[in-house]
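Dear colleague,

I am passing on the structure below, together with notes on what was found in it. Please read them with the coordinates open beside you.

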Amino acid sequence: MSTISTQLRNFKEPTKDQLTHVFFSIPEMPPVPLKDTEKQGTGDIEKMEINAILSLGAQEVEDSYAGKLHLLPPYLAFSSLDRKSVRFTLPLSTVRRVERLNARAGVYALSLSTWHGMKIIVQLTSLRPTADLFCSLLREALKAELQRGQMKAVKGFVKTCYSEGLVSPSGVSDNEREDGSLITETKDGCPPPETEFHGGLGLQFKFPGDPKKLREASKIKLWTTYLKNHGRNLTLLRYPQCTRLVQVGLPNRLRGEMWETLSGSIYLRYSNPGVYDQLLLDIKGTNSTSFEDIEKDLHRSLPEYAGYQADEGISALRRVLQAYSHRNPEVGYCQAMNILAAAILIYMSEEQTFWLLEVLCDRLLPGYYSPTMHGTLLDQRVFESLVTRCLPMISDHFQAVDVQLSVASLPWFLSLYINSMPMVFAFRIADCFFCMGPKVLFQVGLAILKINGEKLLQIQDDGGFLNLMREYFASLGDSAHPASADPRARAITRFQELLLVSFREFAVISDETILSERRKYRNEIVNSIESFSKRSAVRNLKTLGRFTKEQAGFIYDALYKAMCEVPPPPAVAPPPSLLVTNDGNQERAETRIGIPTFQVFLSEILTWARNEKIVINGFQQRIDREVAEHELIDRLFYFWDTSCKGSLSFQDLVSGLDGVMFNDLMENIEWFFNLHDKNNDGYLTKDEVLTLSESFLFIFRHEIGDAYLGAVSKFMTNAFEYGDSLLPQQTSSETGATGPQGIGHNQPYLNLATFRMVVLVDEVLESFFETDLSASFRLEPVPDLELPPASSGFLGDLWSNIATQDNRKMFNRLSDELGKTIGKHQVIYRPTIGRFTKLEEPTARESLISPPAKTTSGSSLNSVVASSSSSTLGASPIHDNDPSPASVFSPMPHLKAVNAAFMERTPFAIDDAGDDDDDSDLDMVHGEDDDQVMDEVDAFLEAHDSGLTEADKEVAKDLLHAEPVK
């Protein structure tokens, strides 16, 4: 059984709107569809962006920043000019009041009050008509949110966020330990009151690491101050200070909420209340192959953490993974998803983890956790390219000693470094990843190689590479400069050095760099994956029959092209069987095609299953190919469907073709007879004889001359004559004449021996069954399919919109009509057999109508058709034993690396939860000043440009005291 996916061929470059949604972490689809039709109309609010200057209402808290304000209903978003200093994404339902300020002449400013009492001042710097239009659209969008009732949902939702209690006067520290976990029992032995806010397993089983070494108390103080002034959860404003705090490391108790806020999964959870609970109800009592795979990996998911040594942790992980696989059946479950989900569940509730997992798989790391892992393989190719560019000596050495970089780097990317380094450090990389995007994975990976550059130049094999990386990750908590005389230098750890190199020396690696490199290598990766899938599909065939592996590969190519043109229904698992065996060989889902896809497939390999015509109209000369439709093709489909499933698998196609392509004369006659013997009783009825004659006429429809038409006419005459002669004779009582006994049209009439005799008396039909029938099935190489072109600027987009398949067809129709008008339109159909073709070829192009059986030169019609952009496709042959060239990207080392890396995770002592009663001297080292927590990132943070002149800053400052327009 094999599953053939054409999903990679459906990839399209993201549009500008989609990139904007990704940048602001906004879900692509509207959160909740409205039931009322009148309300639905209000949801179609136009999107708009406008130049603006952002200021916070609280004076002296933050500088003003110039940028763009985006209205993306139901969200309002802002980004500074450099797209990294300041940004926010506000659900419109959190905006409580919008007022226009009475400011200087020519200044158009709005004051926005949010749910958390924050005052945001936005100065619209575009022309007055543009500002008026933006305000009008904003008013309509706010009205739509009010009608949807979404504003009422804010109050209940924010209660689930820990930050609400953190900034409240009462606080939430009464029943918390220093690391953020909850105290399960009070002094009097009574359980503490239940909390409304969401949290992960760490609340019960403690969080990894020593809270004193992680300076949890100082981080909580800094974040409390920031959240009071800059909003929280749904209304968080991301200023430069936010990025600094994230790079220092999020406090344990706040990490889960900040992950979902920074990634945007909080908006999915907010707009889809109750969806996760409903999914759990839907999957209750069900089973699938994904569920079985999940069960195998549950106890291999961070087993060193106490939460996954208990039923509570394992059950929570099971529910999250099963719910996600049920919601996204195309992805289902992929290896390494268990590691991610297990890590996230330490800090987040099940519902939070579920939505973050969806954002990870769909937006942040697309294609990473799919059956083909194409996203992972693509980013590995991008990473190799960046290593070649930034660290050429290491790249050259790896090529010289044949060390695969992906052996180590693929698990880094796939598990966000969680499976490779101590969790306390991997979670800090995850903090930066959710805040700054996927580029962090590349920056950290390059920094790891650069820091270990001298040692990497000494390794000679993959084993040495892995051992070196393992030793380095185990020492991340050690001093980077142990021999230094400066105590501050000795206090810098290797992990701090890693972040320093990542964000300072590799700051040049931007989101645009990653997108550009992905476009560059996508074709290479897709072709490599498809070639690997092709070899796997051929290898998994139960039998090749009389085909070679190369010929089976040609069948696969034709099938794949047909599936791209007419996608079949998704592969489904077979129904559960009452008979359970112990051999472990359970049936898996397989790809099966229906009649529409089969017609396209057959047209690729069978000459009489397609219509090929040469069109000459005075303006152009082209070859058009059309899929032929006839009852014979449908009959062939069901003839090959031996399992009576109403669809065909790859194995069915191979077996069916094997039953006709290698036959001799007698075998072909019998095959054609059985094809038309509907009830398999060894006889053809009169109706079936007529149907068989129609099949002959369909096959010979484009043959030149009367030879084939005469042969079919002669066949019908002889068939009925010989058939009548074999019937019992009877004498008429009225006339006394003797004749065959009359039978019904559905009664047995012609047996195989008689049919064979009728065929052999005609030279044309005998020749057809002897050579032409088998020869009409042609397995030929098909050139590689091309992916949709990547966006290449305005001219490239314009050309891609013009040069579409529909526009080409329209141009062809127009030129044909013009050709008919001037009398130069000519259509010549190519014969499917061509044995008796005598027509001379047109002088404009050679070998267009020559007999295909006698043509071997490159100018034959087969070559012309194969070179036409609109006719045939194909792929390279399969050579399982041939080594791949060094320049060809192969997914095999990557897949092996995944299997090896996720079988076992190295436990690190530094991840052990600290004891609250342990008196540490770290407070003496770090001092009492909370600001010292920020020292480790000050060295690599860049200065942020507000994009404003001094005069602009003065205007923005005046707006802080402006009164609303009455």
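The side chain of D624 makes a polar contact with the side chain of R622, at 3.0 Å, where a polar contact is a pair of N or O atoms within 3.5 Å and, within protein, one atom must be able to donate a hydrogen and the other to accept it, residues adjacent in sequence counting only if both atoms are side-chain atoms. This is a predicted model, in which local features need pLDDT of at least 70 and side-chain atom pairs count only at pLDDT 80 or more, while totals for chains, interfaces and linings use all residues. Residues are numbered from 1 along each chain as its sequence is written, and side-chain values use heavy atoms, with hydrogens and water left out.

D624 lies in strand β11 (residues 621-627); helices (H or I, at least four residues) and strands (E, at least two) are DSSP runs, numbered from the N terminus. D624 is buried, with a relative accessible area of 18%, where buried means under 20% relative accessible area, exposed over 50%, and partly exposed in between (1.4 Å probe, protein chains only). Leaving aside residues up to four places away in sequence, D624 touches N611, E612, K613 and V615, a contact being heavy atoms within 4.5 Å. The C-alpha atoms of D624 and N611, which are 13 residues apart along the chain, are separated by 8.0 Å.

Strand β10 (residues 610-616) contains R610, which is buried with a relative accessible area of 7%. The side chain of R610 makes a polar contact with that of E612, at 3.1 Å. Residues up to four places away in sequence again not counted, R610 touches S603, E604, I605, R625, E626, A628, R701 and R830. Of these, S603, E604 and I605 are among the buried residues of helix α27. In that helix (residues 595-605), 9 of the 11 residues are buried, so α27 is largely enclosed by the rest of the structure.

Turning to the sheet, 9 strands form an open arrangement in the order β8-β4-β3-β2-β1-β7-β6-β5-β18, with antiparallel pairing; two strands pair if DSSP finds at least two bridges between them. Strands β8 (237-238) and β18 (963-964) stand at the edges, each with a single partner strand, so one side of each is left without a neighbour in the sheet.

Within this sheet, strand β7 (residues 119-124) has 5 of its 6 residues buried, so β7 is largely enclosed by the rest of the structure. Strand β1 (residues 48-56) is joined to β7 by 5 bridges in an antiparallel pairing, and the bridge partner of L56 in β7 is I120. Strand β6 (residues 108-114) is joined to β7 by 6 bridges, also antiparallel, with L110 partnered by V122 of β7. The hairpin of β6 and β7 has 4 residues between the strands, and in it G117 takes a positive phi near 80°. Elsewhere in the sheet, 5 bridges join the antiparallel strands β3 (residues 75-80) and β4 (residues 87-91), where F78 has F88 of β4 as its bridge partner.

As for the protein chain overall, it has 41 helices and 18 strands, and buried residues make up 52% of its 966 residues. Among contacts between residues at least 6 apart in sequence, 74% join residues at least 24 apart.

With best regards
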